[in-house]
Amino acid sequence: MTRESQITQSLPPAIQKVSRNLQLWGFWSFWLQLVLGIISAVTLLFATPALFEAKENTRGIQFGIFSAFISVLLLTVAIVLAFRYGKIGRKIENRDPALRPKKSETIRLIRIGLIFNLVGMLFAIIGAETLVGLALAKLLTLAPQLISPNPQQFVNSLDLLIIQANTNTITAHFTGIVTSLILLDRISN
């Protein structure tokens with residue numbers, strides 16, 4: 001007898017469905033957020049020191065990068081919570097109802113994950129808007145001939161790397177938000 005058939009025989013269909021949803025959506029949310037988060041963190045760690053060494057070090061760049069790092073830290077917490085969704089899904093399969101996690105606790109955990117993703121997405125958007133605004137300001141201050149004595153006026157690849165890192169972080173948080181909303185919908189009903 002397989003593990004799946006044992007669970008099917010002993011658990012009500014509603015509990016099986018909740019367990020499957022938590023495991024499936026937790027798995028996908030965890031891995032998508034983890035991959036995008038690692039890419040963002042590595043990109044930020046690679047590009048940030050070079051930007052701070054630039055002579056034109058402005059507060060806008062510092063604020064944008066600070067917002068991006070806060071967003072990645074919040075994403076780290078959201079990744080841990082997504083991992084816990086799968087663990088809770090497996091705990092729900094326990095045959096003893098007293099040992100199963102309570103529905104209210106599970107919904108509370110999902111809501112906490114949703115809040116971390118929303119706040120993290122807010123910080124990523126603020127960081128991206130700041131850095132895109134600074135890149136646009138650089139482009140708008142160029143002379144029409146595109147000849148400038150100051151190479152720092154040009155938008156460089158490091159500017160775009162930081163913007164890309166923020167975009168990946170926004171996507172990761174969006175993944176967590178969608179997962180939380182789907183799980184809340186499927187568990188609440």
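This is a predicted model: local features need pLDDT of at least 70, side-chain atom pairs count only at pLDDT 80 or more; totals for chains, interfaces and linings use all residues.

**Fold and ground rules**

I read the chain from the N terminus and got α-α-α-α-α. That is five helices and zero strands, with helices (H or I, at least four residues) and strands (E, at least two) taken as DSSP runs numbered from the N terminus. Residues are numbered from 1 along each chain as its sequence is written, and side-chain values use heavy atoms, with hydrogens and water left out.

I checked burial next: 40% of the 189 residues in the chain are buried (under 20% relative accessible area; exposed is over 50%, partly exposed in between, with a 1.4 Å probe and protein chains only).

**H4 against H5**

I looked up how helix H4 (residues 103–140) meets helix H5 (residues 157–188): their axes come within 8 Å and cross at roughly 155°. Axes here are lines fitted to C-alpha atoms over the stretch in contact, with angles from 0 to 180 degrees between N-to-C directions. So H4 is roughly antiparallel to H5 (the cut-off is over 145 degrees). By class, I find 22 nonpolar, 11 polar and four charged residues in the contact of H4 with H5. For the classes, Ala, Val, Leu, Ile, Met, Phe, Trp, Tyr, Cys and Pro are nonpolar, Asp, Glu, Lys and Arg charged, and the others, Gly among them, polar.

**The second largest cavity**

How many cavities of 30 Å³ or more are there? I get two, a cavity being a set of points on a 1 Å grid over the protein atoms alone where a 1.4 Å probe fits but cannot get out.

Helices H2 (13–53), H3 (59–92), H4 and H5 each supply at least two of the lining residues, and H3 has the largest share, three residues. The lining splits by class into three nonpolar, six polar and no charged residues.

**Trp-31**

I have Trp-31 down as partly exposed because its relative accessibility is 41%. Its C-alpha atom is 9.8 Å from that of Ala-172, a residue 141 positions apart from Trp-31 along the chain.

Terms used
Angles under 35 degrees count as roughly parallel, over 145 as roughly antiparallel, 65 to 115 as roughly perpendicular and the rest as oblique. On a 1 Å grid over the protein atoms alone, a cavity is a set of points where a 1.4 Å probe fits but cannot get out, and a pocket is an open set with protein on both sides within 12 Å along at least five of seven lines; lining residues have an atom within 4 Å of a point. Grid points are joined across faces, edges and corners, and a volume is the space filled by probe spheres set on the points.
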